[in-house]
Amino acid sequence: MDTRLSYFLGEVGRGIRRDVRRESVGDGFLKGVAMAGYRHVTRYPTIPTASVVDLIPASLGRDLTIRYQYGGWNIDATSLVAITAIASGIDARSIFEFGTYTGVTTRQLASACPSASIVTIDLPPTGEHFHAGSAFAGTEEAARITQILADSTTFDFSPYQGSMDLVFVDAGHDYELVRADSEHALEIVRPGGWVVWDDYTTWPEVRKCINEIAREHPVVHVEGTRLAALVAGTRSQGPDDDGGVTGST
Ligand SMILES: C[S@@+](CC[C@H](N)C(=O)[O-])C[C@H]1O[C@@H](n2cnc3c(N)ncnc32)[C@H](O)[C@@H]1O
């Protein structure tokens, strides 16, 4: 049975059992329906889901080396594997990351794509609990990483227009910030390149923004991860076209 339907029926069933136990009529049932609706909206994507292999058949069977660090604002392990598989599967040569944080993903992508140049942006130091880019400072990958310390929502992206094979959006998570970063991401990705967002399934404001973008672009939720992704230059499916995700570039 579809996971969402079984979740819904489970919540409603629990509500009815509460009604029976309390010998009340309808209250538990209605709470069950409300809880199922809330869980659905907060937990489940409203865009199609596709596996990394569906999206990029070339990623199948690749050996990936994952250098993961748990904690803080780092990407989760499963999503790190998926974005590594995407970057490696498309053989990305130019990558832009919104939100460096300590640089775990930056270094991971640089290491998985040995021909790639990577640009990563984070706010100038403000006495935060971390040093932006500390995970790649002094490593052999650092030579291929350009670190920008600036506000991504106001930064001038014109030098990067239409040039990136892969753009990873993972900076500010408030709606206005994700919206601004996403618009910039869509400007700097090359036609046929990929935009990937973190936290689609975990941050309501990120999801809201991506669901809006999905009205015009064929964004998919990457199965088993928090990520959403699209191939630039493809269209959302309309009544008279068969646009959509085209798979490998
Ligand atoms: C979730 S963390 C990034 C995690 C990182 N991409 C990773 O995969 O490990 C978000 C980062 O975005 C940065 N950030 C938030 N708002 C920003 C803005 N307006 N401009 C640039 N960076 C921003 C934060 O300082 C933080 O380091």
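The model is predicted: local features need pLDDT of at least 70, side-chain atom pairs count only at pLDDT 80 or more, and totals for chains, interfaces and linings use all residues. Residues are numbered from 1 along each chain as its sequence is written. The chain has seven helices and eight strands. Helices (H or I, at least four residues) and strands (E, at least two) are DSSP runs, numbered from the N terminus.

**Overall fold**

- Of the 249 residues in the chain, 39% are buried. A residue is buried if 20 or more other C-beta atoms lie within 10 Å of its own, exposed if 12 or fewer, and partly exposed in between, with C-beta atoms placed from the backbone.
- Take the contacts between residues at least 6 apart in sequence: 67% of them join residues at least 24 apart. Two residues are in contact if their C-beta atoms, placed from the backbone, lie within 7 Å.

**Helix H5**

- Helix H5 spans residues 104-112, and nine of its nine residues are buried, so the rest of the structure largely encloses it.
- Its buried residues are Val104, Thr105, Thr106, Arg107, Gln108, Leu109, Ala110, Ser111 and Ala112.
- The cover over these residues of H5 includes helix H4 (77-89) and the strands E2 (94-98), E3 (117-122), E4 (145-149) and E5 (164-169).

**H4 against H5**

- The axes of H4 and H5 are 9 Å apart, and the helices pack at an angle of about 35°. Axes are lines fitted to C-alpha atoms, for helices over the stretch in contact, and angles run from 0 to 180 degrees between N-to-C directions.
- The crossing of H4 and H5 is right-handed. A crossing is right-handed if the near helix is turned clockwise from the far one by less than a right angle, and left-handed if anticlockwise.
- From H4, Leu80, Ile83, Thr84, Ala87 and Ser88 meet Thr105, Gln108, Leu109 and Ala112 of H5.
- By class, this contact of H4 with H5 has five nonpolar, four polar and no charged residues. Ala, Val, Leu, Ile, Met, Phe, Trp, Tyr, Cys and Pro count as nonpolar, Asp, Glu, Lys and Arg as charged, and the others, Gly among them, as polar.

**H6 against H7**

- Helix H6 (residues 175-188) and helix H7 (residues 204-213) have axes that come within 8 Å and cross at roughly 40°.
- H6 and H7 are therefore oblique to each other. Angles under 35 degrees count as roughly parallel, over 145 as roughly antiparallel, 65 to 115 as roughly perpendicular and the rest as oblique.
- H6 and H7 cross in a right-handed sense.
- H6 brings Tyr175, Val178, Arg179 and Ser182 to the contact, and H7 brings Glu205, Val206, Lys208, Cys209 and Ile213.
- The contact of H6 with H7 divides into five nonpolar, one polar and three charged residues.

**Around the ligand**

- The ligand is surrounded by 19 residues, of which the closest are Ile75, Gly99, Tyr101, Thr105 and Gly172. A residue is near a molecule if its C-beta atom, placed from the backbone, lies within 6 Å of it.
- H5 and E3 are the elements that give two or more residues to this shell.
- The shell around the ligand holds eight nonpolar, seven polar and four charged residues.
- Tyr101 sits in the loop between E2 and H5. Tyr101 is buried, because 23 other C-beta atoms lie within 10 Å.
- The phi of Tyr101 is near 55°, a positive value in a residue other than glycine.

- Asp91 lies in the loop between H4 and E2. It has 15 C-beta neighbours inside 10 Å, so Asp91 counts as partly exposed.
- Cys113 is in the loop between H5 and E3. Cys113 is buried, with 23 other C-beta atoms within 10 Å.
- Beyond neighbours within four places in sequence, Cys113 contacts Ala87, Ser88, Asp91, Ala92 and Ile95. Cys113 and Ser88 are 25 residues apart along the chain, with C-alpha atoms separated by 5.8 Å.
- Ile188 belongs to helix H6. Ile188 is buried, with 22 other C-beta atoms within 10 Å.
- Ile188 and Gln161 are 27 residues apart in sequence, yet 4.2 Å apart in space, C-alpha to C-alpha.
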